[in-house]
Amino acid sequence: MADREERWSMQGATALVTGGSKGIGRAIVEELARFGVAVHTCSRNEEELNTMLNQCKSMNLHVTGSVCDVSNHSQREELMDKIHTIFNGKLDILQVNNAGGIGPGWKPVTQYTSEEYSNLMATNFDSSFHLSQLAHPFLKESGRGSVVFISSIAGSASYPQGAAVYSSTKGAMNQLARALACEWAGDMIRVNCVAPGFVNTILAKPVTQNEEFHKQIMSRIPLRRFGEPEEVASMVAFLCLPAAAFITGAVINVDGGHTANLS
């Protein structure tokens, strides 16, 4: 077994983090980069991406980026072509689905259009599946590949109402992680999910702006607060460390005890 210093180090590793210009994705980019990981990230918004890259540069973090809409099939392929060039065909960490969203918002299934459904599936699930496919040879070449999906507690609990399609994409992602963990173990690739509860990002605004709903949610969280992006990022980083080498196929909630308190 590696010594303690090696087990808690990612110095020299490489990572692709999607949706890294803000929120949880941004926190993950910075967390991994502070561990000495060379990180490439992407965003649909070029202005936000450039602002983030400049700020990382000012902190002496090794972060590069490119514009990509991960819901677009051809742009995902272009992104992985860039990764092949940047990291010379080897990738240690694939961290995906920070670009995921709630789609048209909290509303009943009967009000979803086919276009809204397709767009949400493409952004949240199709991107994770396809990027994993594309990254597989690079992760295998690494000999220590780690894939971490950002799921949600909504993937295992039908809560709150109005999030059925969103919850379905996250439930599918959880199962994909379990299946790939078994299928790719022989390639020395670990696959896990981090499932945040309510976190202080733009996705939480519909909750925080509704006083009654916010009060209801808060009453079910034992720690009586929403999480911060950095608290999700720390779990992602742990799962990528050599110290977590025996963890694969796991879905780990980072939710202040929320799911433990759901009846």
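Visitor: Which strands does helix H6 (residues 164-183) lie across, and at what angle does H6 run to E6?
Guide: Helices (H or I, at least four residues) and strands (E, at least two) are DSSP runs, numbered from the N terminus. Contact means heavy atoms within 4.5 Å, and axes are lines fitted to C-alpha atoms, for helices over the stretch in contact, with angles from 0 to 180 degrees between N-to-C directions. H6 lies across strand E5 (145-150), strand E6 (189-196) and E7, and its angle to E6 is about 155°.

Visitor: Good start! What pLDDT do local features need here?
Guide: Residues are numbered from 1 along each chain as its sequence is written, and side-chain values use heavy atoms, with hydrogens and water left out. This is a predicted model: totals for chains, interfaces and linings use all residues, side-chain atom pairs count only at pLDDT 80 or more, and local features need a pLDDT of at least 70.

Visitor: What is the strand order in the open sheet, and which are the edge strands?
Guide: Two strands pair if DSSP finds at least two bridges between them. With parallel pairing, the 7 strands take the order E3-E2-E1-E4-E5-E6-E7. Pairing on one side only marks the edge strands, E3 (63-67) and E7 (251-254).

Visitor: In E3, which residue is the bridge partner of Cys 42?
Guide: Strand E2 (residues 38-43) runs parallel to E3 and is joined to it by 5 bridges. In E3, the partner of Cys 42 is Ser 66.

Visitor: Which residues touch the most other members of the largest nonpolar core?
Guide: Such a core is a set of buried (under 20% relative accessible area, 1.4 Å probe, protein chains only) Ala, Val, Leu, Ile, Met, Phe, Trp, Tyr and Cys residues joined through side-chain atoms within 4.5 Å. Val 39 has Ala 15, Val 17, Leu 32 and Val 63 among its contacts, not counting residues up to four places away in sequence. Of the 31 core residues, those touching the most other members are Met 10, Ile 28, Leu 32, Val 39, Val 63 and Val 194.

Visitor: Is Asn 60 buried or exposed?
Guide: Asn 60 has a positive phi of about 60° although it is not a glycine. Its place is in the loop between H3 and E3. Exposed means over 50% relative accessible area. Because its relative accessibility is 72%, Asn 60 counts as exposed.

Visitor: And Asn 88: where does it lie?
Guide: Asn 88, also not a glycine, has a positive phi of about 55°. Asn 88 lies in the loop between H4 and strand E4 (93-96).
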